[in-house]
Amino acid sequence: MAKIAFIGLGNMGAPMEVNLLKAGHKVCVFDLMPDMVKNLVSQGASTAASAKAAVAGKDFVISMLPAGQHVESVYLGNGDDSGDGSGDGSGDDSGDSNSGVLSVLDKNTVVIDSSTIDVATAQKVATKANEMGISMMDCPVSGGVAAASAGTLSFMCGGSEAVFDQVKVVLASMGKNIFHAGLHGAGQVAKMCNNMLLSIHMIGTAEALKLGVDNGLDPSVLSEIMLASSGRNWSLEVYNPYPGVMKESPASNDYRPGFMVNLMCKDLGLAMEAAQASNSATPLGALAQKLYLDHANEGHGEKDFSSILNSLV
């Protein structure tokens, strides 16, 4: 079993780390939230005073951080030598690799960044790692908190084939579907494409169900009809946005996330930035972004993204 450092223990990272422990891996965790660390230590993890201390002597480092600036800060440094990821990422644009986690890693350590971030930052950090003789892959995930808890996440990996072969055994402890998307940054591209499509078919599913209910149909009956017809999709089959249709769905639990509206807004922002950079036409993606941003601005940012149904008035 592997020795692993896990940096970043939010709603997704914590259950992922628990599954690593269940698989028999030795895991050292680091996060700026003491209560989260304490909970995981009670389940068998060890901890360290800083990110740099956590990664010492490990086979793998896994990070799950909020945004590109945090990934760059942790791995390349932010002007101090704490290595704890507490900075705002506003330092020198080139990054100071002498103050980040990369500066203390053994050359045999493999880095897995499962954050969802912009492609440019993913490529920048991976390039720095490779220049220092350290293997790295961007491996963002899909599936939400439920899949993270169940160990059925999908991983979309960007990096070399050789490194992909190394990380699969660790990712298999946390996920069910593990894909090699291409070179550095490809995992992030795959993730933003997937989530843009997810936003579109969630809005469409909610719109169709609302239309049916407004015209006298039972949402459960309409769902069954569409599931057996050409309108079938993941949002309808697994994550129905209408309350009461699926007992365990966020919609039936006051839209408790799940996957927050704010996170969907973030991912759609990354997709639209990439579309602009590549001059790609994404009219439905742009509309989905507007609808989710409006929904967030109406005070629903921390609700599950399926709560978009409530904006259809």
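Start by selecting asparagine 279, in the loop between α11 and α12 (283-300). This is a predicted model, and here the backbone does something worth a look: phi of asparagine 279 is near 55 degrees, a positive value in a residue other than glycine. Most residues other than glycine have a negative phi.

Next, go to tyrosine 255, which sits in the loop between α10 and α11. Its phi is also positive, near 55 degrees, and again the residue is not a glycine. Tyrosine 255, though, is buried, at a relative accessible area of 6%; the cut-off for calling a residue buried is under 20%.

Stay in that loop, between α10 (234-238) and α11 (261-278), and pick glycine 258. What kind of peptide bond joins proline 257 and glycine 258? A cis one, with omega at about 10 degrees. Most peptide bonds are trans.

Now for a helix. Select residues 119-131, helix α5. Its 13 residues should span 18 Å at 1.5 Å a residue, and the C-alpha atoms at its ends are 18 Å apart, so the two agree. Colour Val119, Thr121, Ala122, Val125, Ala126 and Ala129: these are the buried residues of α5. They cover an arc of only 165 degrees around the axis, so they lie on the same side of α5. What do the buried residues of α5 pack against? Show α4 (68-76), β6 (135-138) and α8 (186-214) to see their partners. After α5 comes glycine 133, with a positive phi near 80 degrees.

Time to go inside. The largest nonpolar core has 34 residues, and Phe6, Met16, Phe155, Val167 and Met174 have the most contacts within it. Click on Phe155: leaving aside residues up to four places away in sequence, the residues it touches include Met16, Cys139, Leu171, Met174 and Phe179. A second, separate core has 30 residues, among them Leu236, Cys265, Ala288 and Ala296.

Last stop: colour by pLDDT. The chain's mean is 92, and 93% of its residues reach 70 or more. Where does pLDDT stay under 50? Select residues 79-97; for this stretch the model has 36 contacts beyond four places in sequence.

Methods
Residues are numbered from 1 along each chain as its sequence is written. This is a predicted model: local features need pLDDT of at least 70, side-chain atom pairs count only at pLDDT 80 or more; totals for chains, interfaces and linings use all residues. Side-chain values use heavy atoms; hydrogens and water are left out. A nonpolar core is a set of buried Ala, Val, Leu, Ile, Met, Phe, Trp, Tyr and Cys residues joined through side-chain atoms within 4.5 Å. Buried means under 20% relative accessible area, exposed over 50%, partly exposed in between (1.4 Å probe, protein chains only). Contact means heavy atoms within 4.5 Å. Helices (H or I, at least four residues) and strands (E, at least two) are DSSP runs, numbered from the N terminus. pLDDT is the predictor's confidence in each residue, from 0 to 100. The expected span of a helix is 1.5 Å times one less than its number of residues. The arc is that of the directions from the helix axis to the C-beta atoms.
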